[in-house]
Each structure stands twice: as C-alpha cells, then as structure tokens.
Amino acid sequence: MVTTTEHTSFITQSKRMLAYWQETTVHIDLATMALLEAERHNLFHAVQIGLRIPDCGEETAVILSQAIPFIAQRGYWQEWQPLLQMCLAQQQFQKQTTQIDLLISLGRTYRLNSQFDEAIKTHQAAKQLAQKNGTQQQCGTALHDLLEDYFFVRQYQKAEEVGLAALEILESIADAEQLLANCYKMLGSVFFASQKQTEAEEMFTHAVSMWRQLQHPVHLARTLNDLSLLLHAQQRYDAAEACLLEAASLLNSTINELDKCMVQINLGMIYSTQQQWGRAENALRQANSPFLRQSVELPRKARVNNNLGYVLFRQNRYTEADEYLREALTYWQEIGDDLEYANSLSSLADCLHAQGNRAEALPLYDQLLLLLAQYPTHPYAQSLQAEYTAVRQNVQDEKEAANP
C-alpha cells in the first residue's frame, strides 16, 4: 500500500525530473540534439510518467511541444504521436496556450507521417483556437504550418495565401525570426512549384540571408538545398552544386542524417542531369545510409530508391535497377503519391523495355497513362503523358513487328 507521504514524494520527484527536461528542450541546438539522442529513452519515459500524473499535465505538455524539432529530425514521430494525442485528451490540466502548441506539434507529426488531411485539420484547429485565446505568434505559427501542409498536398494557391498571411503577422513580432525565415523558405518552394521563378529566387535569397544572420547551420543548409532545386531547373548547375556542397559541409558535424540524405539526393540529381552517372550513383549511395534504411521517413526512402534505380538503369545495370524501382513503387503506394508513383513506374517500364521484355512493359505503360490522365491540369503529369503516349505506341509497334 502506497502511503500519502510516498505519493507526495513521487510527485515531487517527477516534477523535478520534468523540470529538467522542460529546461533542456527550451532551445534545441546541435549540442542539445546530441544530448537528447543519447538520452532519448529517458526523455520518453519521463513524458510517459508525466502523462500519468494530473498535477504534471502542464509541464508534460510543454516538453512534448518543445521536443518536436528533435523528434522530427531523428524520425521518432510515430512513437511520439500517441503521447501528443494522449496529452491533448487531458486538456483540463493545461493552459489554453499550451493546448495550441500541442495542436501545432501534433499536426507536424501527422505531416511527417504523410497524414496530410489530419495535419491540415489539426493546424486549422490550432489557428482557430489561437485567434480566440492565443498569442499573435501562435496565430503566425499555425499559418506557417498550414503553409507547409498545403505545399505537400500541392495546393499551391492556398499555401501562398496562408504563407503571406503568416509573413504579415510574423514580421510584426520581435522574437519570430526563425519562423519568419522558414516562411520565406517555404514560400520560395511554393513559388517555384507554381512556376514563379523570379518570386521563388527572391524568397530563397531572403531566407538564406536571414539564416546566415541567425547563424543557424541546419536551417541554412535546408534553405540552400531548396534553392539548389530552383538553380537546377534554371540549368545553373555549378551554382546548384555549390549550394549543396556548402549545405553538406554545414551538416557534416551534426547528427541530422535526414538532412544529409536530402542533400545527397539532390547532388545525385544534378550529376544525373549532366549524365555523370558514376558521381550520381556515389551521391545516392551516400544518401541510402543505414540510418535512412532503418527510418520511417518514407518519402526520402522512396526518392533514393527511385533515383538510384534510374541511375543504374542508365548504366545498363537492369537487374539492380529493377530492384530499386520496385522498392520505390512500394513506398510511393504506401504514401499515396500517384504522381511520384507514375514517375517510378515510367522508369521501371523503360527498364523492362530496354531488356526486350515488351510483354511486361506494355501493361505498365498502360497503367502509367491511366494514372496521368487523372491530372489534366498538372504540367508535369501532362508532359509525362505526352511523352509516354508516344513511347507506348512505339513499343506496341515494335511488338507487332516482331510478331507479325
């Protein structure tokens, strides 16, 4: 039987433990990231204990919100998401401003897990609550996160609208520089995806300048990585490579393995565009690290397998290429991204055709064209459809000529 004294002592000790983690997660820099990784099981256990003690509801909620950058970077969102959900269900023990932060954090785990509808719904709830009972910074943060949500579901007009609204709020807040810089970066990506390259470069350049001033190497690396995509599209390959090499250097001493992976993926793309297949393969092999293979980061795993499969196909290493491309298709299907699935499917069909296997390639070309027909207004989908309508017809003609 637990005495009242023992119970009081347990709560006191638990509050001390939670106070330590609350202080530790206030500002997560590179050193803190390494510390949290070494102590992640203790942190997880502390939050579990906090969730069982009503008197610790506020402290536990604050830790969960503050730890999100660590959880996101190290790929732990699937195991932490239930804790955030459980904490939100105990809202009677929390301040309303803390609940807003929890909603924003939970929405981020949904986005990281490719649950985009849930992410949007959760961040909209955070925005509405922030407008009633939150701070201006929380309103701006919720809009900032909706910007990212809409970007990932390719709703670029909505992303632009909420992003510009976020900028208007965050520019008037003294301590919101990091959120503001990330808004500029994300709007750069939105404008780039919307084929507004001048506006995109302006946003990216502004974000790069801000991150340099803030002396934040990881976010600077991420912005340089995104800027490289624009430079690649403009065929400014040397400038794109320079951005990525600087990003790789900035990340070298960190444990940000997912960021390192993305940089190598994009280096591989630059080398692949220039048909430097050996250099492209080397970059993609680095991207396909043990950390990535063991992670739950499906989009990056899909991208690495797709790109590596394509590079191997272009080197006539068809058996290896086939394996990676099929793996990519599995990931894209699980994520639910039809356009990326179509892209990998086109490479697999080409790989089979190159081996003379027209009978197996033709059904894949048919499946590809059916998928692309679902996107009549998407520029990339229509470009791919025009290209592969002709390819499919050529393969059909070859088959008929071979079997008169």
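Biologist: Which residue with a positive phi follows H18?

Modeller: Bear in mind that this is a predicted model. H18 covers residues 298–314. After H18 comes a residue whose phi is positive, near 65°, and that residue is Asn316.

Biologist: Is H18 mostly covered or mostly uncovered, and how many of its 17 residues are buried?

Modeller: A residue is called buried when its relative accessible area is under 20%. By that cut-off H18 is mostly covered, and its buried residues number 13 of 17.

Biologist: Let's go to Asp149. Is Asp149 buried or exposed?

Modeller: Asp149 sits in helix H9, which takes in residues 136–152. The cut-off for buried is under 20% relative accessible area. Asp149 has 0% relative accessibility, so Asp149 is buried.

Biologist: Which side chain makes a polar contact with the side chain of Asp149?

Modeller: Leaving out neighbours within four places in sequence, Asp149 is in contact with Arg111, Ala119, Ile120 and His123. A polar contact needs a pair of N or O atoms within 3.5 Å. At 2.6 Å, the side chain making a polar contact with that of Asp149 belongs to His123.

Biologist: And Thr122: where is it, and is it buried or exposed?

Modeller: Thr122 lies in helix H8, residues 116–133. Not counting residues up to four places away in sequence, Thr122 touches Leu103, Leu106, Gly107 and Tyr110. Its relative accessible area is 9%, so Thr122 is buried.

Biologist: How far apart in space are Thr122 and Trp332?

Modeller: In sequence, Thr122 and Trp332 are 210 residues apart. Going C-alpha to C-alpha, the distance between Thr122 and Trp332 in space is 24 Å.

Biologist: Which helix gives the largest share of the lining of the second largest pocket?

Modeller: The second largest pocket holds about 160 Å³ of space. Helices H14 (237–251), H15 (257–273) and H16 (277–287) each supply at least two lining residues. The largest share is five residues, and the helix giving it is H15.

Biologist: How many charged residues does that lining have?

Modeller: The lining of the second largest pocket includes Leu251, Glu257, Lys260 and Gln286. By class, it has five nonpolar and four polar residues, and the charged ones number two.

Conventions
Residues numbered from 1 in each chain as written. Predicted model: local features only at pLDDT ≥ 70, side-chain atom pairs only at ≥ 80, totals over all residues. Heavy atoms only, no water. Helix = DSSP H or I, 4+ residues; strand = E, 2+ residues; numbered from the N terminus. Buried < 20%, exposed > 50% of the residue type's maximum accessible area, 1.4 Å probe, protein only. Polar contact = N/O pair within 3.5 Å; in protein donor to acceptor, adjacent residues only side chain to side chain. Contact = heavy atoms within 4.5 Å. 1 Å grid on protein atoms, 1.4 Å probe; cavity = no way out; pocket = protein on both sides within 12 Å on 5 of 7 lines; lining within 4 Å. Points joined across faces, edges and corners; volume = space filled by probe spheres on them. Nonpolar A, V, L, I, M, F, W, Y, C, P; charged D, E, K, R; others polar. Expected span 1.5 Å × (residues − 1).
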